[in-house]
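Trainee: Hi! Could you walk me through a few spots in this one? I have it open here.

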Amino acid sequence: MTPTWQSAAQGLVGDLRNVFGDRLRSVVAYGPHIEGHTATALSCLALVTSHDVPDFEACARHAARWRRNRIATPLVLSETEFQTSLDAFPLEYGEIIRAHQRVYGSDPFDGVVIAQADLRRACETQIKSHLVHLREGFLESGGAPSAVADVVAASAPAFTALLRHVALLSGSPARDRLDATREGARAAGITEGLVADMIALEEQPGVRASDPARLFPAYVHAVEQLARTVDSWRI
């Protein structure tokens with residue numbers, strides 16, 4: 001952990017312990033912030049044995065301070081809710097598992113296995129939804145290069161996330177964000193050049209080394225390739 005976000009995370013733990021007491025079982029930090037994207041808020045997952053409306057009312061009184069400390073609203077779940085929602089949110093939990101740090105209590109992901117069938121189905125849904133929205137965005141742009149460039153740049157983070165999802169589906173052990181992104185691209189046969197351009201757009205959205213509009217044809221073909229890959233995946 002870096003001292004900067006560790007201090008904020010420990011402050012969150014203190015607040016949650018004041019609310020839940022011994023019912024607080026674990027807190028983990030996850031997301032882009034702990035991977036070096038410090039411009040983003042710190043995301044945390046907290047598991048408790050039980051919760052009720054008064055608990056959330058108590059948590060709400062801390063919300064303003066959390067925002068000031070650049071902590072995203074924590075995801076608070078009971079242990080039962082967590083265990084029974086692994087099949088509903090396999091990609092979201094998979095991304096947390098890939099890159100997280102234990103802040104308090106036990107690591108809730110020790111021994112957790114997400115079913116391959118759930119991963120494949122969720123990947124298919126997200127990839128095909130991304131493809132539909134990408135085409136819609138192009139139509140709405142009217143084909144104007146500047147507007148197309150905005151569509152490509154704005155969707156870059158979602159695209160790289162899709163590649164990490166495919167890496168997870170392929171069983172890649174990569175924990176580093178960029179390594180996982182590239183592993184997913186290799187698993188689906190996506191060219192390294194396009195991936196590098198999309199990563200650059202994600203990491204520095206305000207700095208465009210080249211015109212993102214020129215990437216659109218290859219970008220659409222890459223998402224179509226992702227869809228074909230997942231459609232033909234064998235569990």
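Trainee: Which helix does E202 lie in?

Mentor: E202 lies in helix α9, which covers residues 192-203. Keep in mind that this is a predicted model.

Trainee: Is E202 buried or exposed?

Mentor: E202 has a relative accessible area of 14%, and buried means under 20%, so E202 counts as buried.

Trainee: OK, and what does E202 touch?

Mentor: Leaving aside residues up to four places away in sequence, E202 touches A156, P157, T160, R164 and R177. With R177 there is also a polar contact of 3.3 Å between the two side chains.

Trainee: How do α8 and α9 cross?

Mentor: Their axes come within 10 Å and cross at roughly 145 degrees, with α8 spanning residues 177-188. The crossing is right-handed.

Trainee: Which residues make that contact?

Mentor: From α8 you have R177, L178, T181, R182 and A185. From α9 come E192, V195, I199, E202 and E203. They divide into four nonpolar, one polar and five charged residues.

Trainee: Nice. Switching topic: what is the phi of R70?

Mentor: The phi of R70 is positive, about 60 degrees, although R70 is not a glycine. For background, most residues other than glycine have a negative phi.

Trainee: Where is R70 placed?

Mentor: R70 sits in the loop between α3 (63-68) and β3 (75-78).

Trainee: And how accessible is R70?

Mentor: R70 is partly exposed, at 37% relative accessibility.

Key: Residues are numbered from 1 along each chain as its sequence is written. This is a predicted model: local features need pLDDT of at least 70, side-chain atom pairs count only at pLDDT 80 or more; totals for chains, interfaces and linings use all residues. Side-chain values use heavy atoms; hydrogens and water are left out. Helices (H or I, at least four residues) and strands (E, at least two) are DSSP runs, numbered from the N terminus. Buried means under 20% relative accessible area, exposed over 50%, partly exposed in between (1.4 Å probe, protein chains only). A polar contact is a pair of N or O atoms within 3.5 Å; within protein, one must be able to donate a hydrogen and the other to accept it, and residues adjacent in sequence count only if both atoms are side-chain atoms. Contact means heavy atoms within 4.5 Å. Axes are lines fitted to C-alpha atoms, for helices over the stretch in contact, and angles run from 0 to 180 degrees between N-to-C directions. A crossing is left-handed if the near helix is turned anticlockwise from the far one by less than a right angle, and right-handed if clockwise. Ala, Val, Leu, Ile, Met, Phe, Trp, Tyr, Cys and Pro count as nonpolar, Asp, Glu, Lys and Arg as charged, and the others, Gly among them, as polar.
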